[in-house]
Amino acid sequence: MAFRRIRILVLLGLLAIVALVHFGEQYLVRSWRAPLQVAIVPINGDGSETVSEYLQHLNVSAFDDIDSFLEKQASRYGLKLSGALDMRIAPEAHELPPAPPFGGNGLQVAWWSLKLRIWAWRQEKNGFLPHPAKVRLFLIYHEVEYDKELDHSLGLQKGLVGVVHVFASKEQEAQNNVVIAHELLHTLGATDKYDLSTSLPTYPNGYADPGKQPLHPQYEAEIMGGRIPRSADHAEMPKSLDQCMIGADTAHEINFSGAFHRQFSR
Ligand SMILES: [Zn+2]
């Protein structure tokens, strides 16, 4: 009996530690006190020569748009950041992450998310991270093909890990950054603001300008809405982060407003 109680106590203790770690992590990454450390881990998704060539020349400046986007959007909410992100590129990982169970039940998703976090941790042990990164983004690069649909990208709030499918081409970098920024914000607690079955942004929080008259066409995308609603039943992928903004709901989720209050309450 005593043994069983001890076992339950140990389990409860472990659960409490996991919850505390998650809470602490989320508090830290959303405090916006210092540039958020993000490690970018490239992966050759096709195993091709073209991608390998591209990765050899990949420089962190390819992701500068994301930093300036966040800085600019933060300032719209009154938050002054001197650099939103401290991004660095880690050595290439040579193994693909476990594939997500699409349409899987809650338990399958939880199991997969645990496997993904263990996988990410193993990759880090094999290679090394460029700095004590808070967020790890695994970028899976593919060759550009006309009309090719990439696998679904995702960002996990628990574990601060993102797996993002992108194209290995200079011309695609601006649009890659839209997808990367979206998944990065997921790791910071932002939720999707589009309809999963139609991919259309939800109204009003998935719209960049929900008060516009007439409502369509919109000219920008809310970053978690993902697309620019040109009409009630058609939305387009933004070409770059210049065509994106962070709406009020997302700003609240990633604590732009809380950080603003703290900045000015001292
Ligand atoms: Zn999403």
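This is a predicted model: local features need pLDDT of at least 70, side-chain atom pairs count only at pLDDT 80 or more; totals for chains, interfaces and linings use all residues.
The protein chain is divided into domain 1 (33-189) and domain 2 (191-253). Their C-alpha centres lie 22 Å apart. The contact takes 13 residues from domain 1 and 14 residues from domain 2. On the domain 1 side, helix H3 (64-76) and H5 each supply at least two of the residues that touch domain 2. H5 gives the most to that side, with seven residues.

The largest nonpolar core has 61 residues. Domain 1 (33-189) and domain 2 (191-253) each contribute at least three residues to this core. Val38, Leu137 and Leu139 have the most contacts inside it. The surroundings of Leu139 can be listed. In soluble globular proteins, nonpolar side chains tend to be buried together.

An open sheet is formed by five strands. Their order is E2-E1-E3-E5-E4, and the pairing is mixed. Strand E2 (85-89) and strand E4 (154-156) are the edge strands, and each pairs on one side only. From one strand to the next, the twist averages 25 degrees. E4 is joined to strand E5 (residues 161-167) by three bridges, and these two strands run antiparallel. Gly155 has Gly162 of E5 as its bridge partner. Strands of a sheet pair through backbone hydrogen bonds, either parallel or antiparallel.

Helix H5 covers residues 173-187. Its 15 residues should span 21 Å at 1.5 Å a residue. The end C-alpha atoms of H5 are 21 Å apart, which agrees. Twelve of the 15 residues of H5 are buried, so this helix is largely enclosed by the rest of the structure. The buried residues of H5 include Val178, Val179, Ile180, Ala181, Leu184 and Leu185. Also buried in H5 are Asn176, Asn177, His182, Glu183, His186 and Thr187. H5 is followed by Gly189, whose phi is positive, near 105 degrees.

Helix H3 was examined in the same terms. The 13 residues of H3 should span 18 Å at 1.5 Å a residue. Its end C-alpha atoms are 19 Å apart, which agrees. In H3, Ile66, Phe69, Leu70 and Ala74 are buried. Asp65, Asp67 and Gln73 of H3 are buried too. Just after H3, Gly78 takes a positive phi of about 85 degrees.

Asn126 belongs to helix H4 (residues 106-126). Asn126 counts as exposed, because it has 11 C-beta neighbours inside 10 Å and the limit for exposure is 12 or fewer. Asn126 and Pro91 are 35 residues apart in sequence. In space, their C-alpha atoms are 9.9 Å apart.

Two cis peptide bonds come next. One joins Gln213 and Pro214, with omega about -10 degrees. Pro214 is placed in the loop between H5 and strand E6 (221-222). Another cis peptide bond joins His216 and Pro217, and its omega is about 0 degrees. Pro217 lies in the loop between H5 and E6.

Positive phi also occurs in residues other than glycine. Trp32 has phi near 55 degrees, a positive value in a residue other than glycine. Trp32 lies in the loop between helix H1 (2-29) and strand E1 (36-44). Trp32 is buried, with 22 other C-beta atoms within 10 Å. For Asn255, phi is near 70 degrees, again positive in a residue other than glycine. Asn255 is found in the loop between helix H6 (248-253) and helix H7 (256-264). Asn255 has 20 C-beta neighbours inside 10 Å and therefore counts as buried; the requirement is 20 or more.

Note on methods:
Residues are numbered from 1 along each chain as its sequence is written. A nonpolar core is a set of buried Ala, Val, Leu, Ile, Met, Phe, Trp, Tyr and Cys residues joined through C-beta atoms within 7 Å. Domain bounds come from an automatic or database domain assignment. Two strands pair if DSSP finds at least two bridges between them. Helices (H or I, at least four residues) and strands (E, at least two) are DSSP runs, numbered from the N terminus. Axes are lines fitted to C-alpha atoms, for helices over the stretch in contact, and angles run from 0 to 180 degrees between N-to-C directions. The expected span of a helix is 1.5 Å times one less than its number of residues. Two residues are in contact if their C-beta atoms, placed from the backbone, lie within 7 Å.
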